[in-house]
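Q: Could you take me through the aromatic rings in this predicted model? I would like a close look at what sits over them and how they pair.

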Amino acid sequence: MTGTVIKNTGSSYVVKTDNGSELQCKIKGNFRIKGIRTTNPVAVGDIVEVKPNDNGDSYITAITPRRNYIIRRASNLSKEAHIIAANIDAVCLIATLFHPVTSTTFIDRFLATAEAYNVPATLVINKADLCEGDEERTEYLDAVTYLYRSIGYNVVHTSAETGMGVDELRQLLAGKTTLLSGNSGVGKTSLINRLIPGLDLRTAAISTVHDTGMHTTTFSEMFELPAPGGRIIDTPGVKGFGTVDMDRTEIAHYFPEIFATSAGCKYNNCSHTHEPGCAVRQAVNDHTIAASRYSSYLSILEDIGSNDKYRKPF
């Protein structure tokens, strides 16, 4: 029988079969992505073949070819990667500008990965209510929003505390399978509790010492959304986002404004780091490309330099 992986606990998986039943499963076989070592051979969102055995246990025996996936380099093992989710229609990056601060480098790395796999991405800035009545914070919120909207990304302001923007987010998710990801402490779990009344996922307070979030989601899980419908994949919060399987000559393609500007470079193979006649570096100097975005581009180039064995397997 076939089904969709809806939960990954690390040692086992929950598969929702085509007839609607849920089976606790283990894996049987080698499901590694060709050319890339992964910490999790099966991911939430995978469509799999399941076979029960005589003693009542069920095993995943095969994975249907993925139409896409989002992957990052494992934080503890730099030579291994972690598949965050598979077979998704969209991704929402949940970020906060205050308490805690999501760095623009993290945002850019995530968005570049979504671009690499042609997954439409939305930036959801949560805890926007913390900017109300504070002119400096409001100006920063407006500046970040303008930056990413000017590139072409959809940006939504939300507050899990007040409910601001939740209805807009719900409509954005309708009818799709969407990955929700972000740093710990950005309020992702609280937003999900708003989106799915009665779910009551556990939340935790922000560390008052380091102003960082503490993990409350310990495994990935897919949830069905109430009307107008859709599915979301909740994942544990991540501290960093190491990019994987990118060719250094393609990195600029994953930064829309850099790619568009590169048409004016003197050399077709311009790396936008040192070459004369580089339109991208000129645009950075002219402030038509944000310095933060260019810095993120350079940081990924540095990653690829030390991990250039990674390549897309399809």
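A: Happy to! Let's begin with the charged side chains. Lys-28 is placed over the face of Tyr-59, 5.7 Å from the centre of that ring. Arg-137 does likewise with Phe-98, where the distance to the ring centre is 4.5 Å.

The model has four aromatic pairs. One of them joins Tyr-69 and Tyr-117, with 5.2 Å from centre to centre and 40° between the planes, a tilted arrangement. This pair connects distant parts of the chain, as its members are 48 residues apart. Tyr-69 belongs to strand E6 (residues 69–73), while Tyr-117 is in the loop between helix H1 (104–116) and strand E9 (121–125). Tyr-69 has a relative accessible area of 3%, so it is buried. Tyr-117 is buried too, because its relative accessibility is 5%, and the cut-off for buried is under 20%.

Another pair brings together Tyr-294 and Tyr-297: their ring centres are 6.2 Å apart and their planes meet at 25°, so this pair is stacked, since planes under 30 degrees apart count that way. Here both partners come from helix H7 (residues 291–306), three residues apart, which is about one turn of the helix. Tyr-294 is buried at 12% relative accessibility, and Tyr-297 is buried at 2% relative accessible area.

Definitions and conventions
Residues are numbered from 1 along each chain as its sequence is written. This is a predicted model: local features need pLDDT of at least 70, side-chain atom pairs count only at pLDDT 80 or more; totals for chains, interfaces and linings use all residues. Side-chain values use heavy atoms; hydrogens and water are left out. Rings of Phe, Tyr and Trp (its six-membered ring) pair if their centres lie within 6.5 Å; planes under 30 degrees apart count as stacked, over 60 as edge-to-face and the rest as tilted. Helices (H or I, at least four residues) and strands (E, at least two) are DSSP runs, numbered from the N terminus. Buried means under 20% relative accessible area, exposed over 50%, partly exposed in between (1.4 Å probe, protein chains only). A charge sits over a ring if NZ of Lys or CZ of Arg is within 6 Å of the ring centre and within 35 degrees of the ring normal.
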